[in-house]
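Visitor: I have the model open and would like to talk through how it packs. Can we start with the inside and go from there?

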Amino acid sequence: MIKPSIPKNEMERLAALVDYCVLDTSPELPYDDLTLLASTICETPISLVSLIDQDRQWFKSRHGLDASETPRDVSFCGHAINGNDIFVVNDSLKDHRFFDNPLVTDQPTVRFYAGVPLVTPSGFPIGTLCVIDSKPKVLTEEQVKSLKALARQVIGQLELGKTNKVLKENFVELQKYSKMISEHQQLLIQNAKMASLGEMAAGVSHEINNPLTIIYGKSEQIKQLIDPNAKSSAEMRKYIDVIHKTVSRIAGIVRGLRNFSREGSKDPRENCDLSDIIFETLSIVSERFKANNIELILLPEDKISSIVPCRSTEISQILINLINNAFDAVKNLESKWVKVELQKTEKEIKILVIDSGHGIEEKIQSKIMEPFFTTKGVSVGTGLGLSISKGLAESNDAVLSYKTGQINTTFELSFNNPEKKMILDKIA
């Protein structure tokens, strides 16, 4: 027995075969129809679409044979791919290459073989369409022409499968980009709404601040007119203090709404107190939390000076997003609370947004800042919030991160403490 020789372009040939993604796939009717036709036309009991892998010949379609593959070393098809034309063995027992081949001496007792190389459009023979008989045989000229035509159809089917695979992949990509376009359209619509809200908030702010100033001023005048010796003076001063606090709270809500709703990417950075930004931001959301019985905690309760150069509008937008995410995460929990904590060290100033949830699954932690990634249901979120917030943080020289290893879900917005730089500059 003579083993089939290995083609000089074997690596490229194998790559061309693998590129069809057909090895070890399930039977398909178009291929089975072609082997049936080959067997019928050539009047043989066996017909195969045989693909020559590195160490085996694997049958994509087999008519009249149970085996799904055989070793390449004993294959007739391994010889056939080394030529450009049909490879014919009329009687294997009279052929010095095959008379003692196990496929001849044992089942399926190959006496006759004719295989047409399956040549790819780029010129690589990847297998054969072959017909086999257990007795000697000679094909007619018409049978040879028909077998070659069917072999071309096999290649056409393989190319069609490859094209369909590319089309399917492109369709998936197209769906992905269509979703991205849709999400961007939603974002543009949202931005337009926010811009309109910003314009409205600016007008409302002007209209509300004027009467608030009057209310505050008049209450101060009333406070001055109260007779300190009158029995009711203490109670009246208490009521006036309530008015002052209410006026301050309304003013904070209006400022926060105006800052949050306006587009501030072109604003210059200013030295802002993070305590003030947090207070104004919480003023916007506090009523929603009360209405849903979610405790909103601010720590420390007393204001601490935390001046950083930033765009207050963008920092407010980051906090609103983090707080809203926390709201969604805890609203159905038994223990419902969200904590906003301001921390100041020699090196950093941090804002922590912590909720009563028990963290994010480890397998998705690395994805939560990616655009369009969301764990929320359809129509609940676009998956852009954290990604946009991360970008806003970076544009303010801050870092937004998810803190691992915490008991509760924790996000951190950290700034370098500018006071340290000032001290170093003085030393220098």
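Guide: A term to begin with: a nonpolar core is a set of buried Ala, Val, Leu, Ile, Met, Phe, Trp, Tyr and Cys residues joined through side-chain atoms within 4.5 Å. Buried means under 20% relative accessible area, exposed over 50%, and partly exposed in between, with a 1.4 Å probe and protein chains only. This is a predicted model, where local features need pLDDT of at least 70, side-chain atom pairs count only at pLDDT 80 or more, and totals for chains, interfaces and linings use all residues. Residues are numbered from 1 along each chain as its sequence is written, and side-chain values use heavy atoms, with hydrogens and water left out.

Visitor: Fine. Which residues touch the most other members of the largest nonpolar core?

Guide: Leu274, Ile315, Leu319, Ile323, Ile351 and Leu413, out of 36 residues in that core. Helix H8 gives the most to this core, with 9 residues. Helices (H or I, at least four residues) and strands (E, at least two) are DSSP runs, numbered from the N terminus.

Visitor: What is Ile315 in contact with, leaving aside its neighbours within four places in sequence?

Guide: Leu274, Ile277, Cys310, Asn396, Leu413 and Phe415. Contact means heavy atoms within 4.5 Å.

Visitor: Staying on H8, is Phe327 buried or exposed?

Guide: Phe327, which lies in H8 (residues 312-330), counts as buried because its relative accessibility is 3%. With neighbours within four places in sequence set aside, its contacts are Arg288, Phe289, Asn292, Ile294 and Val338.

Visitor: Val338 has a strand partner, I take it. What is its bridge partner in E11?

Guide: Asp355. E10 and E11 run antiparallel and are joined by 7 bridges, and a hairpin of 3 residues connects them. Two strands pair if DSSP finds at least two bridges between them.

Visitor: And how many bridges between E11 and E13?

Guide: 8, also in the antiparallel sense. One of the pairs is Val353 with Phe411 in E13. As for cover, 7 of the 8 residues in E11 are buried.

Visitor: Different topic. How many disulfides?

Guide: The count is 0, a disulfide being a pair of cysteine sulfur atoms within 2.5 Å.
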